[in-house]
2 protein chains.
Amino acid sequence: MNIELVNTGSELMLGRVLNTHQQWLCRRLADLGHVVTRQVAIADEGKKIQSAAAEALSRADLVITTGGLGPTSDDITRELIAELLGKKLVANQEVLAHIEKFFAKRGRPRPAKTTVETFVPEGALVFLNATGTAPGLAMKLADRSWELGVGAGSSPSASSKWLVMLPGPPRELRPMFDDSVVPLLKREFADEIFICRTLRSTGIGESRVQEMVEADLLPLVKDGLDIGYCARPGAVDVRLAAGGTSAKKIVREGESVVQKILGENIFGFDDEEIEDVVVRLLTERKKTLALAESCTGGCIAQRVTDVPGASAVFLGGVVSYANLAKENFLCVRPETLQQHGAVSDAVAWEMALGARAKFGSDFAVAVTGIAGPGGGTPEKPVGTVFIALASADGVEVKKFLNVWERAVFKQVTATQALEMLRRRLVSA
Amino acid sequence: MNIELVNTGSELMLGRVLNTHQQWLCRRLADLGHVVTRQVAIADEGKKIQSAAAEALSRADLVITTGGLGPTSDDITRELIAELLGKKLVANQEVLAHIEKFFAKRGRPRPAKTTVETFVPEGALVFLNATGTAPGLAMKLADRSWELGVGAGSSPSASSKWLVMLPGPPRELRPMFDDSVVPLLKREFADEIFICRTLRSTGIGESRVQEMVEADLLPLVKDGLDIGYCARPGAVDVRLAAGGTSAKKIVREGESVVQKILGENIFGFDDEEIEDVVVRLLTERKKTLALAESCTGGCIAQRVTDVPGASAVFLGGVVSYANLAKENFLCVRPETLQQHGAVSDAVAWEMALGARAKFGSDFAVAVTGIAGPGGGTPEKPVGTVFIALASADGVEVKKFLNVWERAVFKQVTATQALEMLRRRLVSA
């Protein structure tokens, strides 16, 4: 099966926006056993969109376009594709009712411009937009109609193929893909066996991870195992993939090899983030959490509260950027701050104790450090971090040196703090 | 001038890695006056790389490939392109000396695998890699040699074109582009004038923004102004672009039209985020900020502390998920919570007052709401949010209805809270 993506959007070609659709859709499709063959991005211009779509249709069994379905003047994909395929756009009452409801729910009148979104190519399947207004569209193309717009091309087979058109905003595209496109794929295309499993580790660098596992995986590679390594802020993913009838067995064997070698350093699988694991473990154990963040500036709280159901276990946190906030909210003693400095194991210790006592939580995690670019000294250079974990068993403090630019520093440090808690929870 | 990018890498097609090269290169090229026409991504496989390169060369004046120049077994772009062009790979002593030096500097022996990097297509310009080992390559192609590999294609003109090959790691590609490709472009291609300005607005939906500005921009569109709209969580970007000798004048006039109409709703320009603007305004006015976050769960603090220099104006915040945290840390009265509920204007009011008093800040922003999916009532449905801003002038509370899934809800609400503060700061 041959799949191509066509991403439309002048903002992509001007470099104003990162194309997250490619990664997200390629990932989802690979997980379903379908690896994307080619991805193309072009500006919102008539000829470019039509020729890119026609070329993709001449090669692929499934073409997915993104963008250009909205209500504004640069949203022209729907019209251009209909023209390319020689299909009329017809008003769709179901879509109109859906859009009316969308605005009614928000207490706003429906803008006249959205009327354009209610017109769909005749015969198209319509995917109502659960999180926006523009519907997605899918068309089964049994003829060679996509050749009409572009003169003589290569020779596609006359067998049927699918064209799926999705809206550009990620919050609309993603649920629509999962809710509407996945069922279509399962219905229309033969299952292909492709197994991909990702083991997510933390605490070991990427090349060291590879050195540790590659020799033991070699026999499986000879059987068809494909290995990939991916370094993330504070984490390294090991990707194991295989196709064909023995894929499941090969990947499962690879997984047990990697698990045996990396052991506790593996925090999760596939799309699991460390905060998902922490919230799950806290929920299972009926324990609560409080946070005291200095240099991470709310990053840990932000990640924990992104997990649905976090409110059952997360009581709250203090972002204590100023020293006075450490004293007033977390009961850090002024003499500790004066004697050891705000970035010290003693202050991390008191922050964690203070947060646990004042929130009345089972666990409290505290972080203090120097994010940079300024603020370093020879003794405590930029990147120095102390992380403390308070529980009924007392307080544990660890020191780290995270030499990254500001935003990455915060994410790496947050991962280390969550990992300290995860280790405690799994060993408890 | 017609430019195409060809990104190679199996990890791209499996969706394990985000393609940041597209945005970075498109942005850099647009800033130089050259808008990229098309971008393609394909896996590290022989036929796919050769056909994508040949197709791009048949259309473009400049083709830039990324990836596949390294020393490992999946780095095959150099060999495949040489084969496509019928060029021999010849050993290059300058590259060898550079790689020897690279490893000598790090006190490590040169791995034998890197020898492959010292072979370059005959006649190619070599860009030594300042931050790695694999050199970049550039070739002026005066004939139609790129057609040989692919049979009959379309008919390119016989005029000369450039093929530039860059290594995949961003830390190698980026300095190499700036140091070696930019001078090549300036030498080989005529300067083109292209001006692009983005005005970032908040508080008005995408289609309404267009309705408001399009009629007044129409005369400029006739003169060559290109307009784009992009919806972000809580914000809408209006992008104005033009080429040619009058581009600067046209874009400047468009900017003043949009500014006049959207007025205060414009919070920033180009890459500015609303938190950048807020930190800048606070710094200029020598004012401090504290936060009290419930439903945003640290999202506002996380965004504010991503801005370098935030520590000069941001004292800290409380993430008060539990009601008891609202009482203990922010002095919200139990009877207020009982009488009005945690999601109410009265509680938002007291949270803001409490945060301002306890942090001793000039401004305090407080947020309480229902992120969902659970917790809604007919009276206060999921998405209900109260945002309060406390200052020396008293407290102001606004109510919003943000019907989005959890992570987007947090970002949209954080943007509204920062916008309330920004408006107050600009009007002060």
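1. The model is a predicted one, and the distance should be read accordingly.

2. Between chain B and chain A the count of salt bridges is nine. The polar contacts across this interface amount to 31 residue pairs, with both residues at pLDDT 80 or more. On the side of chain B that touches chain A, strand β14 (residues 314–320) of chain B contributes the largest share, namely seven residues. By class, the residues on that side of chain B are 39 nonpolar, 24 polar and 17 charged.

3. Strand β14 also links the two chains directly. Strand β14 (residues 314–320) of chain A and β14(B) run antiparallel and are joined by five bridges. Within this pairing, Val319(A) has Gly317(B) as its bridge partner.

4. As to extent, 78 residues of chain A are in contact with 80 residues of chain B. The size of an interface is often expressed as the accessible area lost when the parts come together. For chain B and chain A, the buried area is about 6800 Å², and carbon and sulfur atoms give 53% of it. Of the area that chain B buries against chain A, 12% is supplied by Leu14(B), Arg16(B) and Phe329(B), which is more than any other three residues supply.

How values were computed:
Residues numbered from 1 in each chain as written. Chains lettered and ligands numbered in written order. Predicted model: local features only at pLDDT ≥ 70, side-chain atom pairs only at ≥ 80, totals over all residues. Heavy atoms only, no water. Contact = heavy atoms within 4.5 Å. Buried area = accessible area lost by both parts, 1.4 Å probe. Salt bridge = Lys/Arg side-chain N within 4 Å of Asp/Glu carboxyl O. Polar contact = N/O pair within 3.5 Å; in protein donor to acceptor, adjacent residues only side chain to side chain. Helix = DSSP H or I, 4+ residues; strand = E, 2+ residues; numbered from the N terminus. Nonpolar A, V, L, I, M, F, W, Y, C, P; charged D, E, K, R; others polar. Pairing = 2+ DSSP bridges.
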